[in-house]
Amino acid sequence: MKLISDSAAETEQIGKRVARALKGTEVIALFGGLGMGKTAFTRGLAAELGVTDGVQSPTFALVNTYNGRFTVYHFDMYRVTTWEDLYSTGFFDYLDTGILVIEWSENIEGALPEDHISITISKGEHDNQRIFEIEGLDIQ
Ligand SMILES: Nc1ncnc2c1ncn2[C@@H]1O[C@H](COP(=O)(O)OP(=O)(O)O)[C@@H](O)[C@H]1O
Ligand SMILES: [Mg+2]
């Protein structure tokens, strides 16, 4: 399914909408470069799950954990380029224990479970427009 966002606030709303369709152990792979709104999307998703902590790109930590109605593991795979790097993030240990939201999924595509949800964000017709292509999840 394709959704259009015209602002960061609308992107957060898309995150909330996706959150409402989750059961608790999904892997959400985000694709799309710098400034596409991956963190804004994750902020909305986490807020809808009752997370009150600030959501920021976990660039240096590689993974941030948020506790809401479900546990959310928020990854940034920008610097993850080898299987060894990936193991050291805890990725495989977290699978099936909560919701994994992964920025820069491009870098770990071969490690994604087959049933992952894929969200590709691209630029729209104007500066603040983003196009969300969502695959692998039925949303309302
Ligand atoms: N439609 C939009 N959706 C999300 N962010 C937008 C949008 N339009 C403009 N922006 C801006 O783009 C930036 C997105 O930042 P961020 O969510 O950190 O992106 P990413 O994590 O993909 O690098 C923010 O500065 C935000 O204000
Ligand atoms: Mg980010």
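1. Let's begin with the inventory: the protein chain has four helices and seven strands, where helices (H or I, at least four residues) and strands (E, at least two) are DSSP runs numbered from the N terminus. In sequence order the pattern reads β-α-β-α-β-β-α-α-β-β-β. This is a predicted model, in which local features need pLDDT of at least 70, side-chain atom pairs count only at pLDDT 80 or more, and totals for chains, interfaces and linings use all residues. Residues are numbered from 1 along each chain as its sequence is written, while chains are lettered from A and ligands numbered from 1 in the order in which they are written.

2. On overall dimensions, the radius of gyration of the protein chain is 14 Å, which agrees with the value near 14 Å for a compact globule of 140 residues. That radius is taken over C-alpha atoms, and the globule rule is 2.2 Å times the number of residues to the power 0.38. The C-alpha trace spans about 40 × 30 × 30 Å along its principal axes.

3. Of the 140 residues, 38% are buried, a label that requires 20 or more other C-beta atoms within 10 Å of a residue's own, with C-beta atoms placed from the backbone. Among contacts with a separation of 6 or more, 66% are between residues 24 or more positions apart; a contact means C-beta atoms, placed from the backbone, within 7 Å.

4. Now for the strands, which pair if DSSP finds at least two bridges between them. Strand S3 (residues 63-67) and S4 (residues 71-76) are antiparallel over five bridges, and a hairpin of three residues joins S3 to S4. S4 also runs parallel to S5 (residues 99-103), again with five bridges. Tyr 73 in S4 stands opposite Thr 65 and also opposite Leu 100 in S5. Five of the six residues of S4 are buried.

5. Strand S2 (residues 27-31) is largely enclosed by the rest of the structure, because four of its five residues are buried. S2 pairs in the parallel sense with S5 over three bridges and with S6 (residues 117-123) over four. Ile 28 has Val 101 as its bridge partner in S5, and Ala 29 stands opposite Ser 118 in S6.

6. The largest nonpolar core holds 33 residues, and those with the most contacts inside it include Ile 28, Leu 100 and Val 101. Such a core is a set of buried Ala, Val, Leu, Ile, Met, Phe, Trp, Tyr and Cys residues joined through C-beta atoms within 7 Å. Leaving aside neighbours within four places in sequence, Leu 100 is in contact with Val 27, Ile 28, Tyr 73, Phe 75, Tyr 94 and Leu 95.

7. Helix H2 deserves a look too: nine of its eleven residues are buried, among them Phe 41 and Leu 45. The buried residues of H2 pack against H1, S2, S3, S4, S5 and S6. Just after H2, Gly 50 has a positive phi of about 90°.

8. What surrounds ligand 1? There are 17 residues around it, the closest being Thr 11, Gly 37, Lys 38, Thr 39 and Ala 40; a residue is near if its C-beta atom, placed from the backbone, lies within 6 Å. Helices H1 (8-20) and H2 (38-48) are the elements that give two or more residues to this shell.

How values were computed. Buried ≥ 20, exposed ≤ 12 C-beta atoms within 10 Å, placed from the backbone. Contact = placed C-beta atoms within 7 Å.
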